[in-house]
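User: I would like to learn how to read strand pairing, helix packing and domain contacts in a structure. Could you take me through them one at a time?

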Amino acid sequence: MELLCLGLNHRTAPVEVRERFAVGSTQLGAAAMELATLADATEGVVISTCNRTEFYLAAPDAREALILLEARLTLRESLDAGASIHFYRKVKSEAAVHLCRVVSGLDSMMLGETEIFGQVKQAYQAALAAGTTGCVLNRLFQRAFGVGKKVRTETSIQEGSTSVGNVAVDLAEKIFGHLKDSEVMILGAGEMSRITAQSLVSRGARSIFVSNRSFDRAEELARNMGGTAVRFDDWQRALERVDVVISSTGAPHALIHRADVEKVRRARKFRPLFFIDIAVPRDIHPDVGEIEEVYLYDIDTLENLASEARTRRQLQIELCEGIIIAELAKLNLPGT
Amino acid sequence: MDRWFLLIATLLAAIGGTWGMISVHRGTRSHWTVVWMVAVLLCQLGFLSIRGQLRAACPLQDLGEMLVFLAWSLTLFYLLIGPAYRISLLGVFSAPLVFVLQAAALISGMLTTSPKRDLSPNMFHSLHSATSVLAYGALALAGVAGIMFLVLDRQLKVHHLKSGLFRNLPPAHELLVSLERLLWLGTGLLTLGIIAGFLMPRTTTSVHSHLIVAMAVWVGYTGLLAVKTVRGLTGRKLALSAVAMFILSLVVFARV
C-alpha cells in the first residue's frame with residue numbers, strides 16, 4: 001500500500017474553485033467513502049476547511065491512483081483540463097510530511113493557527129466512523145496528531161496574537177483577567193471596532209454599549225451585537241461604568257481628551273480603563289495615556305505587536321519542520 | 001538540628017527562586033515553584049517545632065525565631081493563595097524574600113544558641129506573637145503582589161510586552177484582588193495581635209513602645225483599606241502603598 005494526497009488550498013486555488021470541492025462537516029464520512037471508490041483505493045480521508053480540501057488515500061500504486069482520482073474529480077465537477085494547476089500532489093513520505101505540516105498549522109493562512117488541528121481530527125473521526133480507514137491512514141493520522149502536539153508545545157509557533165483584534169483582546173485579558181465582569185463601549189460604528197468588540201464578547205465581556213453620531217446606526221449595530229445604543233452626546237456618562245473603550249470614529253481631530261477622563265475618575269473609583277484607538281486620525285489624545293489607571297493603545301502599536309508575533313512565528317518554521325522530519329524518521333509509517 | 005532545618009529551607013528557597021527566575025527569563029512557566037515552596041515550608045515547620053519543644057512555648061522569643069516565623073507565614077500564605085488563584089509566579093517573587101529573611105536569621109547572634117525553657121508561658125503573649133507574625137506574613141505577601149503589579153503596570157504602560165516575565169505575570173486585576181484580600185487578612189490578624197498584646201502582662205517600657213508602633217502600623221493599613229473601599233485608589237497607588245507600608249512596618253521588629 002502506498003500513501004498519497006491530492007489537495008487544493010488558498011495558495012493554489014481561488015475561492016470559486018475551492019468552493020466546488022468543499023464538503024460540509026456532516027458529509028465528511030460519506031465523502032471519504034465516495035473518495036475511496038473514485039480512486040479505487042482501500043482507504044480514504046477527506047479534510048475540508050474554508051481554505052483547503054485534501055484527499056488522503058492508501059492505494060496499491062500511489063501515482064496511478066492520483067491520476068485516476070484527478071481525472072474522475074475533474075469529470076465529476078465538469079472542470080476543464082487547465083484546472084489541474086490548482087491541485088498539489090504528494091506521495092508516500094511527502095504526503096505524511098504534508099499532513100504533519102497541516103496539523104501543525106504550518107500550511108495555514110494564519111501561520112500556527114490552532115483551529116486546523118480540530119478540523120483534521122474531525123475529518124479523521126468521520127472517516128473512521130464511515131469505515132474508510134485502515135492500518136495505513138489510522139497510523140498516519142494518529143502519529144500526525146502526536147507530531148502536531150509536539151510541534152505546538154516545543155516551539156513558539158502558536159504564541160502571540162497575529163491580528164489587531166486578537167492583540168487587543170489579549171491585552172484586555174492581561175488587564176482584567178476573565179472578561180465576564182467587563183463592559184465595553186464602542187465609539188463609532190466601524191467594521192474594525194465591531195470585530196474587536198465581537199471578539200471581546202466571545203471571550204465573555206458582560207455588555208456592550210455602542211455610540212455613534214448616527215443614532216440609527218448605533219442602534220442597528222447594538223441590536224446585531226446584543227448591546228445597548230448610547231446617544232453620542234452621552235458617551236461621557238457611559239465612560240463612568242465601562243472598562244474597555246474601542247474608538248474608531250471618522251472625526252478629523254481627537255475626540256477624547258485627558259479632561260474627559262479626569263472628570264469620571266472619581267466616579268469610577270480609579271478602576272483600570274483600557275482604550276483601544278483604531279481610528280486614523282486618532283480619536284484619543286495621547287495625554288489620556290498618562291493617567292495612572294489608563295492603558296492606551298493606538299492602531300500602530302497594536303499593528304506592530306501583531307506584526308512582531310507574525311515575524312516570531314515565521315522564525316519558528318524551520319524548527320517546526322525539523323521536528324516533523326525527525327519524528328517521521330523515527331516512526332517508519334506504512335505507505336511511506 | 002534546628003539550624004540544619006533552617007539552612008536546608010534557606011537553600012531550597014534560593015534554588016526555587018533561581019529556578020523560577022530562569023524559567024521566567026526563558027518565557028516558560030515554572031511548575032516546580034509550588035513543589036520547592038512546599039519543601040521550604042516542611043523544613044520551616046521542622047525548625048519551628050524543634051524550637052517550640054525547646055522553649056515549651058510558641059517559638060517567637062528572639063529576633064531569629066521571629067524572622068523564620070515570618071518567612072513561614074509568607075510561605076504558608078503563598079501556598080494558600082498562589083495555586084488557588086493560579087498565580088504561581090507569586091512564588092518566584094516570594095522565594096527571594098523568604099531566602100533573605102531566613103539568611104538574616106542564620107546570622108550569628110540572631111538565634112539564641114541554647115533557648116531557655118519558658119517556665120511561665122502566657123496565653124495572650126503567645127497569641128499576640130503568633131497572630132502578629134502571621135499578619136506580617138500576609139502583609140509581606142501583599143507587598144510581593146504589589147511589586148508584581150507595579151512591574152506589569154509599567155510594562156503595559158510603555159507597551160513593553162515581549163518579555164517572558166510579561167507573558168507569565170497574572171492579569172493586573174487578579175493581582176490587585178489578591179493584594180487587597182491579603183491586606184484585609186493581614187490587618188484582621190494584626191487587630192487580633194494588638195488586642196492580645198493589650199491583654200498580656202506588660203512590665204517594661206519597651207513592650208509599651210512596641211505596642212504603640214504596632215498600633216501605628218494598624219492605623220496605617222486600616223486607613224489604606226478605608227480609602228480604597230470608600231474613595232477608591234488606582235492600582236499603582238495601592239501597590240506602592242502596600243510595598244512602602246510593609247517596609248516601614250518592619251520598624252516594629254526593631255522595637256521587639
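Analyst: Please keep in mind that this is a predicted model. Let us begin with a pair of strands: in chain A, strand 6 (residues 207-212) and strand 7 run parallel and are joined by four bridges. Within this pairing, Phe209(A) stands opposite Thr228(A), which lies in strand 7 of chain A.

User: In which order do the strands of the open sheet in chain A follow one another?

Analyst: The open sheet has six strands, which pair in parallel in the order 7-6-5-8-9-10. Strand 7 (228-231) and strand 10 (294-298) of chain A are the edge strands, each pairing on one side only, and the twist from one strand to the next averages 20 degrees.

User: Which elements do the buried residues of helix 2 of chain A pack against?

Analyst: A residue counts as buried here if 20 or more other C-beta atoms lie within 10 Å of its own. In helix 2 (residues 28-38) of chain A, the buried residues include Leu28(A), Leu35(A) and Leu38(A), and the buried residues of this helix pack against strand 2 (43-48), strand 3 (52-59), helix 3 (62-76) and helix 5 (115-130) of chain A. Just after helix 2 of chain A, Asp40(A) takes a positive phi of about 50 degrees.

User: How many residues do domain 1 and domain 2 of chain B each bring to their contact?

Analyst: Domain 1 (1-111) and domain 2 (123-256) of chain B contribute 26 residues and 25 residues, respectively. On the side of domain 1 of chain B that touches domain 2 of chain B, helix 3 of chain B gives the most, with 10 residues, and the residues of that side divide into 19 nonpolar, four polar and three charged.

How values were computed:
Residues are numbered from 1 along each chain as its sequence is written. Chains are lettered from A and ligands numbered from 1 in the order in which they are written. This is a predicted model: local features need pLDDT of at least 70, side-chain atom pairs count only at pLDDT 80 or more; totals for chains, interfaces and linings use all residues. A residue is buried if 20 or more other C-beta atoms lie within 10 Å of its own, exposed if 12 or fewer, and partly exposed in between; C-beta atoms are placed from the backbone. Helices (H or I, at least four residues) and strands (E, at least two) are DSSP runs, numbered from the N terminus. Two residues are in contact if their C-beta atoms, placed from the backbone, lie within 7 Å. Two strands pair if DSSP finds at least two bridges between them. Axes are lines fitted to C-alpha atoms, for helices over the stretch in contact, and angles run from 0 to 180 degrees between N-to-C directions. Domain bounds come from an automatic or database domain assignment. Ala, Val, Leu, Ile, Met, Phe, Trp, Tyr, Cys and Pro count as nonpolar, Asp, Glu, Lys and Arg as charged, and the others, Gly among them, as polar.
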